[in-house]
Amino acid sequence: MKISCCLLVVAVALLAGCSSVHVHVDPEWKEAPQSITVLVTEPFIQNEADLSDDFKTLDAFKEWFVSYLEESFASYSKAAPSVRLVLDERLLVESVMLGKDSVKVPVPKFDELENLSGTVVTVPPVRFWRDHVPCPAGGSCIGGKNLNALAFYSVTSAEDRRKLAFGYARGKDSFTFAMTKGNWEGVVKDFVKMLLEETPLKK
């Protein structure tokens, strides 16, 4: 939980600063592997009541999230994904430079994770929250809403522990009245697409 809280605070601060650089890719990384392992920790939902209509419980949402995250990576990545839910304690947080900003990204504790090889994408924790789209000044409207997702991530080589890429990704899906399961699907897909941008993994 300590690692997740640390990364959430940094992610929110960076988003507020509107940093224009969201990813760094090792220039020597040219080709996508045949497969990747994606490590995720439990997602953070700002308002758990948002889950009640489509998922009923937080545990049901976590199960869906891991499954749909894998489906989304399979849709947008050249590499076949395998998503694993891991505890915070199996990860480290390291400071790196992203553009002109010093940020913290998650990396695996390789010695504490079994059967971990090849290319590893580490994504803890994904934060989900809603916000409102204001009406134009002086005008009237129904006003829209967004479901948002945000997280830092790293892509590392399990063999030499080299960071192939790191940064942050965010997703957004809009709605007018009540959220549906389609909004959750849309924001996860948008998040994954941004994570893969500018890397050899992108289809």
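Reader: Which residues does Trp184 touch, not counting residues up to four places away in sequence?

Author: This is a predicted model, and contacts in it are read from the distances between heavy atoms. Trp184 touches Ile45, Asp50, Leu51, Asp54, Phe55, Phe61, Trp64, Phe128, Leu147 and Met179.

Reader: What is the general idea behind a nonpolar core, and which residues have the most contacts inside the largest one?

Author: In soluble globular proteins, nonpolar side chains tend to be buried together. Here the largest nonpolar core has 49 residues, and Val123, Phe128 and Trp184 have the most contacts inside it. Helix α3, residues 181-196, supplies the largest share of this core, with eight residues. Another core lies apart from it and has eight residues, including Leu39, Val86, Leu91 and Leu116.

Reader: Where does Val86 lie, and is it buried or exposed?

Author: Val86 is in the loop between β4 (80-85) and β5 (91-98). The cut-off for buried is under 20% relative accessible area. Val86 has 11% relative accessibility, so it counts as buried. Leaving aside neighbours within four places in sequence, Val86 is in contact with Leu39, Val40, Thr41, Leu91 and Leu113. As for spacing, the C-alpha atoms of Val86 and Pro108 are separated by 9.8 Å, and the two residues are 22 apart along the chain.

Reader: How should I read aromatic pairs, and how many does a search of the whole structure find?

Author: A pair is judged by the distance between ring centres and the angle between ring planes. The search of the whole structure finds 11 aromatic pairs. Take Phe61 and Trp64: their ring centres are 5.6 Å apart and their planes are at 35°, so this pair is tilted. Phe61 and Trp64 are three residues apart in helix α2 (residues 58-76), so about one helical turn separates them. Both residues are buried.

Reader: What kind of pair do Phe61 and Phe128 form?

Author: The ring centres of Phe61 and Phe128 are 5.7 Å apart with planes at 90°, so the pair is edge-to-face. Phe61 belongs to helix α2 and Phe128 to strand β8 (residues 127-133), so the pair ties together parts 67 residues apart in sequence. Phe61 is buried, at a relative accessible area of 0%, and Phe128 counts as buried at 2% relative accessibility.

Reader: Which residues form one aromatic cluster?

Author: The cluster is formed by Phe55, Phe61, Trp64, Phe65, Tyr68, Phe128 and Trp184. Trp184, with which we began, also touches Phe55, Phe61, Trp64 and Phe128.

Reader: Which residue lies over the face of Trp129?

Author: A charged group over a ring is located by its distance from the ring centre and its angle to the ring normal. Over the face of Trp129 lies Arg127, at 4.4 Å from the ring centre.

Reader: Is Thr119 buried or exposed, and what does it touch?

Author: Thr119 counts as buried, at 10% relative accessibility. It lies in strand β7, residues 119-123. Not counting residues up to four places away in sequence, Thr119 touches Pro33, Ser35, Ile36, Thr37, Val155, Thr156 and Leu164.

Reader: What is the secondary structure of the protein as a whole, and what percentage counts as buried?

Author: The protein has three helices and 10 strands, in the order α-β-β-β-α-β-β-β-β-β-β-β-α from the N terminus. Of its 203 residues, 47% count as buried. Among contacts between residues at least 6 apart in sequence, 72% join residues at least 24 apart. The protein exposes about 10,300 Å², of which carbon and sulfur atoms supply 50%.

Technical notes
Residues numbered from 1 in each chain as written. Predicted model: local features only at pLDDT ≥ 70, side-chain atom pairs only at ≥ 80, totals over all residues. Heavy atoms only, no water. Core = buried A, V, L, I, M, F, W, Y, C linked by side-chain atoms within 4.5 Å. Buried < 20%, exposed > 50% of the residue type's maximum accessible area, 1.4 Å probe, protein only. Helix = DSSP H or I, 4+ residues; strand = E, 2+ residues; numbered from the N terminus. Contact = heavy atoms within 4.5 Å. Areas by Shrake-Rupley, 256 points an atom, 1.4 Å probe, with all protein chains shown as cover. Phe/Tyr/Trp six-rings, centres within 6.5 Å; stacked < 30°, edge-to-face > 60°. Lys NZ or Arg CZ within 6 Å of the ring centre and 35° of its normal.
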